[in-house]
Amino acid sequence: MNGGPARADGADEPTACGETLAVVRKKALLRILARREAARGGLAVTQAAVEAEAALFRAAAGLHDDAALAGWLDTAGLSGAAFATAMHDFALVRLLEDRLAREIDGLVSDQIAVSTARLRAAPA
């Protein structure tokens with residue numbers, strides 16, 4: 001995802017997670033839109049889906065036991081409730097991604113093509 005033109009407000013600088021603020025904001029927007037779409041469509045994720053999402057996240061991050069998770073949450077300044085909300089949102093995004101797979105796949109080629117513009121050198 002491209003964050004748009006260079007900005008003087010630090011939006012193009014890497015954050016603590018290594019992504020720019022512009023990218024982080026787009027990911028937050030995706031979570032908001034997923035919540036709204038799920039509510040609009042009367043969709044809900046199961047607790048099992050949320051737990052599966054958390055297990056995938058934990059495995060990818062090397063947080064294999066509760067002590068490792070608790071230590072990371074503390075270091076990151078993230079509450080258990082905020083982590084649970086994120087995992088719920090991630091499960092919602094996955095549900096919507098599955099339901100909208102054909103539409104998503106129909107846009108992928110064009111999205112890749114549009115995104116190649118950022119690879120061009122800026123004009124002198």
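1. Basis. This is a predicted model, in which local features need pLDDT of at least 70 and side-chain atom pairs count only at pLDDT 80 or more, while totals for chains, interfaces and linings use all residues. Residues are numbered from 1 along each chain as its sequence is written, and side-chain values use heavy atoms, with hydrogens and water left out.

2. Core. The largest nonpolar core has 15 residues. Such a core is a set of buried Ala, Val, Leu, Ile, Met, Phe, Trp, Tyr and Cys residues joined through side-chain atoms within 4.5 Å; buried means under 20% relative accessible area, exposed over 50%, and partly exposed in between (1.4 Å probe, protein chains only). Those with the most contacts inside the core are Ala34, Val45, Val50, Leu69, Phe83, Met87 and Leu92. Two or more residues each come from helices H1 (21-41), H2 (47-61), H3 (66-76) and H4 (80-99). Helices (H or I, at least four residues) are DSSP runs, numbered from the N terminus. H4 gives the largest share, seven residues.

3. Helix H4. This helix has 20 residues and reaches 29 Å from its first C-alpha to its last, close to the 28 Å expected at 1.5 Å a residue; the expected span is 1.5 Å times one less than the number of residues. Buried in H4 are Phe83, Ala86, Met87, Asp89, Ala91, Leu92, Val93 and Leu96. The buried residues of H4 pack against H1, H2 and H3.

4. General point: side chains of opposite charge can pair when their charged atoms come close. The structure holds six salt bridges, each a side-chain nitrogen of Lys or Arg within 4 Å of a carboxyl oxygen of Asp or Glu. One of them joins Asp89 and Arg31 (2.8 Å, N to O). Asp89 lies in helix H4 and Arg31 in helix H1, so this pair ties together parts that are 58 residues apart in sequence. Asp89 also forms a salt bridge with Arg35, with the closest N and O atoms 2.6 Å apart. Asp89 counts as buried at 2% relative accessibility, whereas Arg31 is partly exposed at 24% and Arg35 is partly exposed at 37%.

5. Asp66 and Arg58. These two side chains meet in a salt bridge at 3.3 Å, N to O. Asp66 counts as exposed at 58% relative accessibility, but Arg58 counts as buried at 17%. Salt bridges that share partners join Arg31, Arg35 and Asp89 into one network.

6. Leaving aside neighbours within four places in sequence, Glu53 is in contact with Met87, Phe90, Ala91 and Arg94.

7. Surface patch. Leu100, Ile104, Val108 and Ile112 form a nonpolar patch on the surface, with about 300 Å² of accessible area together. For nonpolar patches, residues have over 30% relative accessible area and no salt bridge, and their side chains (Val, Leu, Ile, Met, Phe, Trp, Tyr) are joined within 5 Å; areas come from the Shrake-Rupley method with a 1.4 Å probe. Leu100 sits in the loop between H4 and helix H5 (101-115) and is partly exposed, with a relative accessible area of 32%.

How values were computed:
Patches are made of residues with over 30% relative accessible area and no salt bridge: like charges are joined within 9 Å, nonpolar side chains (Val, Leu, Ile, Met, Phe, Trp, Tyr) within 5 Å. Contact means heavy atoms within 4.5 Å.
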